[in-house]
Amino acid sequence: MNSRPAPEAREAYKHFVPLTTRWMDNDAYGHLNNVVYYSLFDTAVNQMLINGGVLDIHAGPVIGLVVETHCNYFASLAFPQAVDAGIRVAHLGQSSVRYEIGLFGAGEPLCAARGHFVHVYVDRLTRRPVPLPANFQALLEGLRP
């Protein structure tokens with residue numbers, strides 16, 4: 001059994017968000033710095049939630065806090081390359097979600113990087129976990145494999 005992580009195909013993901021890279025994202029080696037991948041993960045998920053009408057980042061009563069992250073890298077991405085972020089929901093709990101994200105160079109069949117992060121959804125004011133609202137759950141159910 002091979003436990004080494006491997007790139008996944010686009011078909012492994014339920015939803016895609018197009019992203020752009022920026023000049024400042026490249027590092028001294030001419031590719032996206034590793035921390036940029038995490039920023040792209042976060043951007044893709046939050047863009048999907050905002051576009052889905054379930055997240056109001058300025059005034060919504062529920063916000064997501066990242067409690068875990070991970071990334072495996074398989075190929076380089078670089079500015080000015082366009083990126084497609086594939087998203088799926090691997091686990092949907094009462095107040096937490098494990099998002100899995102694959103970053104694809106535009107038109108590429110396999111992801112250049114894949115990773116996950118876990119959001120715990122909390123009350124904006126108390127920062128205590130709260131059950132996901134029904135509209136949130138409905139959107140996320142559609143992203144499960």
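Accessible areas here come from the Shrake-Rupley method with a 1.4 Å probe, and for residues only the protein chains shown count as cover. By that method the accessible surface of the protein comes to about 8,000 Å², and 55% of that area belongs to carbon and sulfur atoms.

Before you start clicking: this is a predicted model, where local features need pLDDT of at least 70, side-chain atom pairs count only at pLDDT 80 or more, and totals for chains, interfaces and linings use all residues. Residues are numbered from 1 along each chain as its sequence is written, and side-chain values use heavy atoms, with hydrogens and water left out.

**Stop 1: the whole chain**

Switch to cartoon. You'll find two helices and five strands, running β-α-β-β-β-β-α from the N terminus. (Helices are DSSP runs of H or I with at least four residues, strands are E runs of at least two, and both are numbered from the N terminus.) The radius of gyration is 16 Å, close to the 15 Å that the globule rule gives for 145 residues, so the protein is as compact as a globular protein of that length. That radius is taken over C-alpha atoms, and the rule is 2.2 Å times the number of residues to the power 0.38. Along the principal axes, the C-alpha atoms fill a box of roughly 45 × 40 × 25 Å.

**Stop 2: strand 3**

Select 82–92, which is strand 3. Eight of its 11 residues are buried, where buried means under 20% relative accessible area, exposed over 50%, and partly exposed in between (1.4 Å probe, protein chains only). Now show its partners; two strands pair if DSSP finds at least two bridges between them. Strand 1 pairs with strand 3 in the antiparallel sense over six bridges, and Leu19 stands opposite Val83. Strand 4 is also antiparallel to strand 3, joined to it by nine bridges. Here, look for Asp84 opposite Phe104. A hairpin of three residues connects strand 3 to strand 4.

**Stop 3: the nonpolar core**

In soluble globular proteins, nonpolar side chains tend to be buried together. To see this model's largest nonpolar core, start with Leu49, Tyr99, Ile101, Leu103 and Leu140, which touch the most other members among its 34 residues. (A nonpolar core is a set of buried Ala, Val, Leu, Ile, Met, Phe, Trp, Tyr and Cys residues joined through side-chain atoms within 4.5 Å.) Helix 1 gives the largest share of this core, eight residues.

Next, pick Leu140. Not counting residues up to four places away in sequence, Leu140 touches Leu49, Val89, Leu92, Val97, Tyr99 and Leu132; contact means heavy atoms within 4.5 Å.

Then jump to Val45 in helix 1. Val45 is buried, with a relative accessible area of 0%. Leaving aside neighbours within four places in sequence, Val45 is in contact with Ile87, Tyr99, Ile101, Phe117 and His119.

**Stop 4**

Most residues other than glycine have a negative phi, and most peptide bonds are trans. Zoom to Pro80, in the loop between strand 2 and strand 3. The peptide bond from Phe79 to Pro80 is cis, with omega near 10°.

Finish at Arg127, in the loop between strand 5 and helix 2. Phi of Arg127 is near 60°, a positive value in a residue other than glycine. Arg127 counts as partly exposed, at 44% relative accessibility.
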